[in-house]
Amino acid sequence: MEKSTSYILQVRPKIPARLARLEELANNLWYSWDNPTRALFARLHPGLWKATGQSPKAFLKRVDEQRLLDAVEDQVFIGNLNRVLAAYDTYHDYRLPPSGSDLLRKDDLVAYFCAEFGFHESLPIYSGGLGILAGDHCKAASDLRLPFVGVGLLYRQGYFHQTIDGDGNQIATNHDSHFEDLPITPAKRTDGSEAYTSVNLPNRKLDIKIWQARIGHITLYLLDTDLESNNVHDRDITHRLYGGDKVTRIEQEIVLGIGGVLALQELGIRPTVWHINEGHAAFLALERIRQKIADEGLDFPAALEYVAVNTIFTTHTPVPAGHDHFNEGMVQAYFEHYYPELKLSREEFLALGRAKDSPDFNMTALAIRCTRFNNGVSRIHGDVSSTICSDMWPEIEHKENPMTYVTNGVHAPTFLATEWIEVFERQLGLEWSARMNDVEFWEGVKRIPDHLFWSARQSLKAKMLNMVRERISAQHFRNHGSEAHLDRLLKYVNPENPNILTIGFARRFATYKRATMLFGDLDWLREILNNPERPVVFIFAGKAHPADIPGQDLIRRITHISKMPEFVGKILMVEGYDLALARKLVSGVDVWLNNPLYPLEASGTSGMKAGINGTINLSVLDGWWGESYDGKNGWAIKPVSESLSEEVRTREETSTLYELLQDQVVPLYYEHSKMGLSPDWVKMSKRSMATIMPRFNSKRMVSEYLAKCYLPASKQHRLYQQDHYENAQIIADWKARIRHAWPGVALRRQDTEQKEINYGDSLRFEVAVRLDGLQPGDVVVEMLLGLFTKREKLQHSRRYRFEATDTMTEAGETVFALEIQPEKCGKLEYRVRAYPCHEMLTHPFELGMMRWL
């Protein structure tokens, strides 16, 4: 039979004038956190809405025109549309006073660079936590009306779609996105033409197209190399998120960092504050330095100082191996044309990315050297990062070095179920969203009647169980399972009987997250799960990276155990983990389980999403939970000593998990009163919501970045830019002088040590400092004084500053003196130190230099 040719013809419906603004709604990701907007599209054609992956733009291209004509005559639909447009217009009304941007200057602008952004499933350019966090950061910046743009890459393929076969093998499939279906448009130059830029790669020029997406008030710019003017290899650079080898990775990072700076320039956008979210975008600092050298005539040290003071670097990685690095040969190949433009030798350039104990070029090391604001993403992670990165400031104790923390938060309007919004508006008042960060306000959750609170929880649980049943059924039949066995699988996930304790574990399947820790002692687990009076169900979901074989083994192990007769229906592994399933699970399960190996959870945000929905956390005290757990808002697995082997630690912590489940979690859930609920469970659920909402939402997070980083960075930017970058040059020259002299700086005590004094007596201390050519004003000499303790030295000490005297010793040392009256009695401990000091420094210890007596 002769082959026929298939031709594709797209027939677009004509959108009636009355519905014209649906296109505007479809092209602003505001819909990703506004449920009434999404409901508007779903109402037109629920089946098509689902089939298009809840993408308003793709939906409008495919919906039958008659449905649109019918909608014009549907008074209920028009009423809903008017309400949505009124909310949209109110949100976007630029006459409203801004809530965060009033603190920044008129010409200030924050540019936020990240390798992935997760807003909604209709824009699949994210893989997991980092992307969702970046999306939430942008949404909160929009809510706060900050002058803010995002910069990322436009991947043809987002993260893979997952199915799981009957043996528990993960099957990864990738689908190409059709850009015309995504909520993006080509970015335009001021003259109306489409915007392009280019970067240099070895022996060739790479062309880049710039796209844009609207997220409420802000714009995200996305870079795309899939252009006919590029060769086949180069078209593939932005093809897949986290795909390819090291070559693809360095090329993606050059496009993101260097190409991102050039793209903003091409569009006439001039940021005053730059934020590098994880090291992938660190090359942006080099491009900005290069431009200052070429355009302003600065030398490298002055250009570096200017660029660094208005740049923030956030690390999300809790282990050194997780930081991106490239071998020197590769860096040489990509940058040999570049470092001469920075006026650096090859060795000087490679030194910018040098980290201890590695010959490779490390992107975290580059990011830290080119920024003056550095942070981890939880209190524990900030401490871990300050230790990992301590070699960047070699003479500073890690607790004092510039690495600080801003704990992550989640965008409540995105992840808070609609049912709760209705409850809050009725019980707490319409101002609940404006008072998101008000801890006292959220104490009002206690006053919500128990039966109303529990009703909302059970309604959400039923919806979650419905979705789990759908997914499990599709998975089961695709793997040729029988109907009879499906009934057994779904016995305990029944939306009509949502009264069985359901515990969720859903996240990336990396080995340190220990997805299979629950199965350490199967006999004990049987005892917990198989009490007919108090059954328990565990729902697992998550993807392992296609190259992560140990991570995929975890999925196989869970699948294997779920098939054991005594665990059938009690342990479920749901395939296809995505944002839609995540939203249902975090709001619908009773308990959110998280048991990473301490301290490898940088922050973890899924537990926050669960907590704001009244789900109770049961987690290792790591990441964010280390600063949220208060003994009444969930359960904590205290990490055992890090000095023990991983096997022993996991065994000990598994025992703690079983004890908590058996003695506390299960009994509390089933302590039903006459009202059919457990009053103490509801009390803990309310406490979870009331304590987590105000402290772990992204509005609080971005407000903290504004206060700790963006405002000081914009101030430093203006200071260093003054008088044609004169202050940047002054600081660069001053630091060069300090670095030259510092090896010769030394402290020597001049006074005689006194062992004991009476309370109220004064003491005079004198220290001789060899300055080796420095001026007394170049250094601070100070005493740290505090109560003597065998624990951490001088943790709560007070600082006293010595004054330089006119006295010089015979050896040419400057004498510094201090007179104090100790304010405390008892055994005191003191130490004396000196470090370089200049009023224009961003952080007092940014040089990493310290001398102790």
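Two strands are said to pair if DSSP finds at least two bridges between them, and with that in mind I would like to begin with a sheet in this structure, which is a predicted model. Strand β24, residues 779–787, and strand β28, residues 828–836, pair in the antiparallel sense, and there are 9 bridges between them. In general, the strands of a sheet pair through backbone hydrogen bonds, and the pairing can be either parallel or antiparallel.

These two strands belong to an open sheet of 4 strands, where the order is β25-β24-β28-β29 and the pairing is antiparallel. The edges of this sheet are formed by β25, residues 798–801, and by β29, residues 851–852, and each of these edge strands pairs on one side only.

Let me turn now to the second largest pocket, which holds about 790 Å³ of space. Its lining is made up of 30 residues, and the ones closest to the centre of the pocket are Leu-304, Leu-352, Arg-369, Arg-372 and Arg-739. Which elements give two or more residues to this lining? They are four helices, namely α11 (300–309), α13 (346–351), α14 (363–369) and α28 (698–741). Sorted by class, the lining of this pocket has 16 nonpolar residues, 4 polar residues and 10 charged residues.

His-724, which is found in helix α28, has a positive phi of about 55° although it is not a glycine. Tyr-242 is likewise not a glycine, and it has a positive phi of about 50°; its place is in the loop between α8 (232–235) and α9 (246–266).

Are these two residues buried or exposed, or something in between? Tyr-242 has a relative accessibility of 19%, and because buried means under 20%, this residue counts as buried. His-724, by contrast, has a relative accessible area of 48%, so it is partly exposed.

Methods. Residues are numbered from 1 along each chain as its sequence is written. This is a predicted model: local features need pLDDT of at least 70, side-chain atom pairs count only at pLDDT 80 or more; totals for chains, interfaces and linings use all residues. Side-chain values use heavy atoms; hydrogens and water are left out. On a 1 Å grid over the protein atoms alone, a cavity is a set of points where a 1.4 Å probe fits but cannot get out, and a pocket is an open set with protein on both sides within 12 Å along at least five of seven lines; lining residues have an atom within 4 Å of a point. Grid points are joined across faces, edges and corners, and a volume is the space filled by probe spheres set on the points. Ala, Val, Leu, Ile, Met, Phe, Trp, Tyr, Cys and Pro count as nonpolar, Asp, Glu, Lys and Arg as charged, and the others, Gly among them, as polar. Buried means under 20% relative accessible area, exposed over 50%, partly exposed in between (1.4 Å probe, protein chains only).
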